[in-house]
Amino acid sequence: MAAAATPTNLFSSFLSLSPRTPFSSSNSSSPISCKSISISGSSLLTIPSHPCRSSRDVAVSVAFNPSGNFDLSLTDAEEQDDAAKVAPPMPPTEGRFEVVINNDVIRRLDLLPVHAAIGNSSLPEDGSIIKPKELLERTIGFTINYEREDQYDLCELSEFPDIRLWFVRLDASYPWLPVVLDWRAGELARYAAMLVPHQMSVRLGIVFNPEALELFAMKKVFIVYSWLRQHKIPKPRLKTSDMARMLGFGVGDELFDLIDGNPLLPPQINDS
């Protein structure tokens, strides 16, 4: 009798590592590059309440590096010059839907700026919601006007707990949002940083916990694929796979075949 597949083997059979795919983040002028993800054993990180660098630390380019090698030591300018140079971030997509948030919006966990930009997806009768096809064509981006209490605070936006909490509520309300973000301007990378445990490395930039990123990517594959099919978007497998690839993963047709072959049953309504 064959041994049951372990969770790691099950994930690996559907979610593979995709080739290096560079992309940039729009929340900073610093470039971001996507490297292959190693899902070898790595302990899950806990997020400090305010894990930021001090003012004496050296600011370097931010790299999307979910390899799990957490090197947080400072490097001098000579070592930084030896670091691989990546292309500068691409500008925001022209005509995209822009969601502008500030300290007050974040403090109140207010999603009104999102509702105002694309409509309220939780209200099907709301005729103001933008059609999914238009969201995919124009994409969505965020302008975060966050005033720091300390002007010398060098934390990245994804290191502020209140900002991350706002994005947690956003993700709970719009779980399909990653597929319509402005990928080329780095919005998907920043969105992932708001929701996935990571640390900031002086040399590597954003370093994601590999297992947490894997779970995040798999969850979004399930949600996004169903959302695309629900709205009859052409080529839902391709669009879902493209999103996963931006996070460093490849998705095989076997997973989509399983989803299609085992649809969710509608909820049973008890009239009694």
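L157 is buried in this predicted model, with a relative accessible area of 10%. The residue sits in the loop between β4 and α6. Along the chain, L157 and R190 are 33 residues apart, and their C-alpha atoms are separated by 8.8 Å.

The secondary structure of the protein chain comes to ten helices and seven strands. Of its 272 residues, 45% count as buried.

I turn next to helices α6 and α7. Helix α6 covers residues 161-173 and helix α7 covers residues 187-195; their axes come within 8 Å and cross at roughly 105°. Because angles from 65 to 115 degrees count as roughly perpendicular, α6 and α7 are described as roughly perpendicular to each other. From α6, the residues involved are I163, R164, F167, V168, L170 and D171, and they meet Y191, A193, M194 and L195 in α7. By class, this contact has eight nonpolar residues, no polar ones and two charged ones.

Between these two helices there is a loop, and D182 lies in it. Is D182 buried or exposed? D182 is buried, as its relative accessible area is 1%. Leaving aside residues up to four places away in sequence, D182 touches P92, T93, R96, T139, I140 and E187.

One of those partners, T139, deserves a comment of its own. T139 is in the loop between α5, residues 132-138, and β4, residues 140-145. Its phi is near 70°, a positive value in a residue other than glycine. With a relative accessibility of 10%, T139 counts as buried.

A positive phi also occurs at L109, where the value is near 55°, again in a residue other than glycine. L109 belongs to the loop between α3, residues 103-107, and α4, residues 112-118. Is L109 buried, exposed or partly exposed? At 26% relative accessibility, L109 counts as partly exposed, because the buried class is limited to values under 20% and the exposed class to values over 50%.

I come now to the nonpolar interior. In soluble globular proteins, nonpolar side chains tend to be buried together. Here the largest nonpolar core has 59 residues, and I118 and L177 are those with the most contacts inside it. Which helix gives the most to this core? That is α8, residues 210-230, with ten residues.

Helix α8 also packs against another helix. The axes of α8 and α9, the latter covering residues 236-246, come within 9 Å and cross at roughly 150°. That angle makes α8 roughly antiparallel to α9, since angles over 145 degrees fall in that class. The crossing of the two helices is right-handed. On the α8 side, the contact is made by K220, V221, V224, Y225, L228 and R229; on the α9 side, by P236, R237, K239, T240, M243 and A244. These residues divide into seven nonpolar, one polar and four charged.

The α6 and α7 pair is roughly perpendicular, with two charged residues in its contact. The α8 and α9 pair is roughly antiparallel, with four charged residues in its contact.

Key: Residues numbered from 1 in each chain as written. Predicted model: local features only at pLDDT ≥ 70, side-chain atom pairs only at ≥ 80, totals over all residues. Heavy atoms only, no water. Core = buried A, V, L, I, M, F, W, Y, C linked by side-chain atoms within 4.5 Å. Buried < 20%, exposed > 50% of the residue type's maximum accessible area, 1.4 Å probe, protein only. Helix = DSSP H or I, 4+ residues; strand = E, 2+ residues; numbered from the N terminus. Axes fitted to C-alpha atoms, helices over the stretch in contact; angles between N-to-C directions. Parallel < 35°, antiparallel > 145°, perpendicular 65-115°, else oblique. Left-handed = near helix turned anticlockwise from the far one by under 90°. Contact = heavy atoms within 4.5 Å. Nonpolar A, V, L, I, M, F, W, Y, C, P; charged D, E, K, R; others polar.
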